[in-house]
Amino acid sequence: MDGGRPLDRELPAPPALPDEAPDRAIALAADRALAEAVLAGAPGAFERLVKQYQGLCFHIINRMVRQPDDTRELCQDTFLRVHRYLHQYRGESSLQGWIGQVAYSVAKRHLERKRIPLQDAADPADHQALLENVGDAFDLEKANIDDESSRVLHEAIETLPPMQRTLLTLYHLDELPIGEIAVMTGLAEGTIKSHLFRSRQRLRQVLEARMGVEA
């Protein structure tokens with residue numbers, strides 16, 4: 001509808017785009033421009049890319065690996081791979097998601113080489129029941145209301161397996177949408193929801209036991 005003008009005198013309007021669509025289009029155009037500048041060897045372009053995404057890279061790898069020396073080395077490896085394979089980036093998803101995927105893959109291979117399990121063994125029979133309960137209302141922000149509860153919460157997060165620890169951080173603390181996390185990790189959205197549910201349940205148990213935080 002446009003200002004109440006009669007529809008029978010106008011051609012049908014095209015479907016309205018979601019509010020975020022123009023912003024997303026602008027962001028993807030900026031990502032493609034940065035990638036093209038790097039590929040063209042523009043002065044300072046790769047340095048700008050590293051500066052923009054080194055925090056994301058460190059955050060993902062550090063949550064997965066939890067060894068400072070390994071984390072630094074793997075971050076360097078990640079950006080070497082980004083530079084080498086940037087020509088494969090098509091600009092259909094965010095550059096953040098693509099670089100996050102490289103970082104996650106580098107960290108995952110590192111853990112596999114060291115034979116460190118990415119996740120707890122799960123009973124496949126539980127999977128559907130978990131997905132039916134992904135609306136679990138445990139509120140990490142509510143559980144993080146003061147310094148002591150924040151400390152206990154982050155200690156509890158550290159007890160999670162690498163994959164669950166990373167997914168929880170990306171979703172709840174970095175506030176990335178599940179679709180973006182799926183791009184980074186290669187996991188199905190339903191699988192991510194299942195891991196998030198398991199993680200929240202485990203944190204709830206730890207916090208209730210140690211501080212009496214209500215679920």
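Accessible areas here follow the Shrake-Rupley method with a 1.4 Å probe, and for residues only the protein chains shown count as cover. This is a predicted model, in which local features need pLDDT of at least 70, side-chain atom pairs count only at pLDDT 80 or more, and totals for chains, interfaces and linings use all residues. Residues are numbered from 1 along each chain as its sequence is written, and side-chain values use heavy atoms, with hydrogens and water left out.

Figure 1. Helices (H or I, at least four residues) and strands (E, at least two) are DSSP runs, numbered from the N terminus. The order of elements is α-α-α-α-α-α-α-α-α. The accessible surface of the protein chain is about 12800 Å². Carbon and sulfur atoms supply 51% of that surface. The chain has 215 residues, and 37% of them count as buried. Buried means under 20% relative accessible area, exposed over 50%, and partly exposed in between (1.4 Å probe, protein chains only). Contact means heavy atoms within 4.5 Å. Among contacts with a separation of 6 or more, 71% join residues 24 or more positions apart.

**Figure 2. Arg66 sits in the loop between helix 2 (45–65) and helix 3 (68–85).** Its phi is positive, about 60°, although Arg66 is not a glycine. Arg66 counts as partly exposed, because its relative accessibility is 34%.

**Figure 3. Arg115 lies in the loop between helix 4 (95–113) and helix 5 (127–131).** Arg115 is not a glycine, yet has a positive phi of about 60°. Its relative accessibility is 75%, so Arg115 counts as exposed.

**Figure 4. Helix 7 (residues 162–173) crosses helix 8 (residues 178–185) at roughly 145°.** The two axes come within 10 Å. Axes are lines fitted to C-alpha atoms, for helices over the stretch in contact, and angles run from 0 to 180 degrees between N-to-C directions. The crossing is right-handed. That term applies if the near helix is turned clockwise from the far one by less than a right angle; anticlockwise is left-handed. Helix 7 brings Leu167, Leu170 and Tyr171 to the contact, and helix 8 brings Ile178, Ile181, Met184 and Thr185. By class, six of these residues are nonpolar, one is polar and none is charged. Ala, Val, Leu, Ile, Met, Phe, Trp, Tyr, Cys and Pro count as nonpolar, Asp, Glu, Lys and Arg as charged, and the others, Gly among them, as polar.

**Figure 5. Helix 8 is largely enclosed by the rest of the structure, because six of its eight residues are buried.** The buried residues are Ile178, Glu180, Ile181, Ala182, Met184 and Thr185. Gly186 follows helix 8, with a positive phi near 75°.

**Figure 6. Thr185 is found in helix 8.** Thr185 counts as buried because its relative accessibility is 11%. Its side chain reaches the backbone oxygen of Ile181 at 2.9 Å. The side chain of Thr185 also reaches the backbone nitrogen of Leu187, at 3.2 Å. Not counting residues up to four places away in sequence, Thr185 touches Tyr104, Leu167 and Ile192.

**Figure 7. His195 belongs to helix 9 (residues 189–211).** With 7% relative accessibility, His195 counts as buried. Leaving aside neighbours within four places in sequence, His195 is in contact with Gln119, Met163, Gln164 and Leu167.

Notes. Polar contact = N/O pair within 3.5 Å; in protein donor to acceptor, adjacent residues only side chain to side chain.
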